[in-house]
Amino acid sequence: MGAIADQTSSSNNTTHPPPPLDSSMEVLPMDVHKVALPPPQTSLQKLKVRFKETFFPDDPFRHFKGRSSATKWLLAVQYIFPILQWAPNYNLSLFKSDVVSGLTIASLAIPQGISYAKLASLPPIIGLYSSFVPPLVYALLGSSRDLAVGPVSIASLIMGSMLRQEVSPTKEPGLFLQLAFTSTFFAGLVQASLGILRLGFIIDFLSKATLIGFMAGAAIIVSLQQLKALLGITHFTTQMGLVPVLSSVFHKTDEWSWQTILMGVSFLLFLLLTRHVGMRRPKLFWISAGAPLASVILSTLLVFAFKAENHGISVIGKLQGGLNRPSMNMLHFHGTHLALVMKTGLITGIISLTEGIAVGRTFASLKDYQVDGNKEMMAIGFMNIIGSCTSCYVTTGAFSRSAVNNNAGCKTAVSNIVMAVTVMVTLLFLMPLFLYTPNVVLGAIIITAVIGLIDIPAAYNIWKMDKMDFLICICAFLGVIFISVQEGLAIAVGISVFKILMQVTRPKIVILGNIAGTDIYRNLHHYKDANRMPGFLILAVEAPINFANVTYLNERISRYIEDEKMGEKQLDFNYVILDLSAVSAVDTSGISFLMDLKKTLAKRGLELIYVNPVGDVTEKLQRANEIHSFLRVDSLYLTIGEAVLSLSSMMKEQP
């Protein structure tokens with residue numbers, strides 16, 4: 001059965017197959033199926049298909065086919081501004097739901113914005129600025145109905161820790177603010193570029209195991225950083241590692257303030273209790289959503305009433321009111337810190353983009369609608385580019401805020417607009433009210449927000465399913481808490497890439513056996529009822545064959561043959577069947593390996609048989625055979641069962 005031709009099913013088929021692989025070969029009986037060549041394609045057509053599947057797997061232009069020019073222009077504008085798709089059908093009922101959800105997330109966004117800005121070592125007002133302009137931009141460009149955008153803890157932590165490595169936010173606040181805005185610009189540029197160039201698959205290198213470990217470690221580091229506010233410590237370390245933070249805490253016991261500790265613990269317990277109630281009873285989401293703002297109001301009143309700022313409790317102080325100020329002139333594209341802001345923008349951009357898209361897709365799946373990943377990248381990217389020019393730092397879709405938005409019954413992105421308008425009112429009229437807001441309550445709000453990032457059940461599931469993934473998770477976690485945020489992430493990504501390389505360079509090869517009474521062949525070490533076929537060694541390669549693994553495959557197959565022939569069982573076989581059904585691709589090194597392996601085995605008195613190669617592999621075998629004529633009539637079969645049956649019959653006919 002050596003002809004690669006159109007597949008025929010039986011001798012009753014009246015169609016005539018095309019010429020065999022080698023017209024001089026004798027064609028086997030027609031009751032054996034033939035391996036068909038894939039439909040002919042030029043190299044340009046193949047390149048076009050590969051390019052499309054790599055960069056346009058969602059086929060975004062499919063809706064343009066067969067449409068008039070005017071319709072195409074309308075669809076193009078709607079693609080850029082998704083708000084134009086649903087705005088014509090917007091009604092009062094949807095608006096009522098969006099107003100409720102928008103006001104609800106605003107009550108959470110205002111205290112979180114102030115808190116996260118302090119986490120990034122930025123003025124608190126920047127957190128409110130970042131909760132005003134970006135949501136408006138996202139409402140125009142974003143495709144998620146549930147995503148509530150604004151500052152997030154992880155990106156704030158990374159930006160603050162990276163920029164503090166070279167610039168002190170207390171000694172050089174102006175320069176630090178410039179670098180924060182510039183880092184945000186580069187973050188947006190990276191995010192938008194990934195969407196425009198359709199390179200979103202890059203963020204897939206941040207695996208679930210990496211993100212779970214990274215976020216858990218970051219949550220602990222963020223929480224430990226809040227001990228400064230919770231204990232009332234004035235002189236605190238700027239380092240992010242576990243050891244320096246705890247060392248700073250216990251070496252500064254003389255600065256601990258019992259008044260601050262009492263207030264901090266009280267409000268922390270209150271916030272944790274409301275969070276627990278919201279998790280246990282989703283219908284009471286408004287309790288946990290409104291708790292941060294309630295804590296800010298109550299603590300501010302207490303400080304004002306008892307003059308607590310005179311008793312060791314630090315307060316935010318005066319915040320300048322007014323809307324966002326232009327900051328384009330503060331972008332820093334030159335000097336010694338350019339490499340720092342580019343690196344900070346790249347890391348914060350990738351992390352925040354991953355979080356935003358993951359959150360958007362999570363809630364889209366709950367409501368059964370689609371979120372376009374590339375649109376989201378562009379929306380978040382342009383949101384940060386515009387934000388960097390309007391006194392905002394890096395923002396994305398926050399899980400806690402989006403969960404509250406979803407539970408509050410949001411229907412469209414108008415909820416972001418309502419939130420932004422509420423923040424605008426706060427910026428214009430309510431800023432004096434934050435004068436006596438204690439920093440300790442902001443620390444408690446941050447701890448309550450980030451504690452949800454520690455997902456122990458998910459880590460346990462990873463441990464049960466894949467120990468290598470769990471190692472990646474643990475490395476990310478330990479790297480973050482003991483070294484630094486960016487180094488911990490880099491270590492985890494490095495191990496993930498190493499795992500992929502190991503899978504590519506050390507593909508799995510298994511010995512197959514026949515399950516009695518069937519035409520099914522399975523792994524002998526997996527299926528106990530699978531039996532070896534006399535006279536055959538059947539191997540299956542379960543990965544693409546390329547230059548990176550041909551040496552290993554050659555050595556591993558040779559070792560299998562030696563073990564089978566000279567090991568304890570000393571089996572006698574004449575044929576080595578290589579099942580290629582799981583080999584999705586092969587390069588020139590792989591083809592050379594398949595040819596050389598056949599020649600090597602022939603010298604040892606063994607015949608190599610190829611079974612069920614897929615289209616790309618079949619086509620390259622055909623081309624190689626046209627040059628080297630290494631395929632015999634009985635070298636290629638569609639299934640293992642037909643190969644064994646046909647070759648067994650030939651062995652019986654031999655004297």
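Mentor: Asn514 has Tyr521 of S4 as its bridge partner. That bridge belongs to the pairing of S3 with strand S4 (residues 521–523), which is antiparallel and runs over three bridges. Keep in mind that this is a predicted model. Five residues lie between the strands in the hairpin of S3 and S4. Gly517 takes a positive phi there, near 80°.

Next, the residue after the bridge you just saw. Ile515 stands opposite Ala530, which lies in S5. Strand S5 covers residues 530–531. S3 and S5 pair over two bridges, in the antiparallel sense.

Now S6. Here Val510 of the chain faces Ala540 in S6. Strand S6 spans residues 535–541. S3 pairs with S6 over three bridges, again in the antiparallel sense.

So what does burial say about S3? Strand S3 runs over residues 509–515, and seven of its seven residues are buried. The cut-off for buried is under 20% relative accessible area. S3 is therefore largely enclosed by the rest of the structure.

For reference, here is a helix pair elsewhere in the model. Helix H12 (residues 258–280) and helix H13 (residues 285–306) have axes that come within 9 Å and cross at roughly 160°. H12 is therefore roughly antiparallel to H13, since angles over 145 degrees count that way. The crossing is right-handed. Among the contact residues are Phe267 and Phe270 of H12, with Ala291 and Leu298 of H13. By type, the contact of H12 with H13 holds eleven nonpolar, five polar and one charged.

Methods: Residues numbered from 1 in each chain as written. Predicted model: local features only at pLDDT ≥ 70, side-chain atom pairs only at ≥ 80, totals over all residues. Heavy atoms only, no water. Axes fitted to C-alpha atoms, helices over the stretch in contact; angles between N-to-C directions. Helix = DSSP H or I, 4+ residues; strand = E, 2+ residues; numbered from the N terminus. Parallel < 35°, antiparallel > 145°, perpendicular 65-115°, else oblique. Left-handed = near helix turned anticlockwise from the far one by under 90°. Contact = heavy atoms within 4.5 Å. Nonpolar A, V, L, I, M, F, W, Y, C, P; charged D, E, K, R; others polar. Buried < 20%, exposed > 50% of the residue type's maximum accessible area, 1.4 Å probe, protein only. Pairing = 2+ DSSP bridges.
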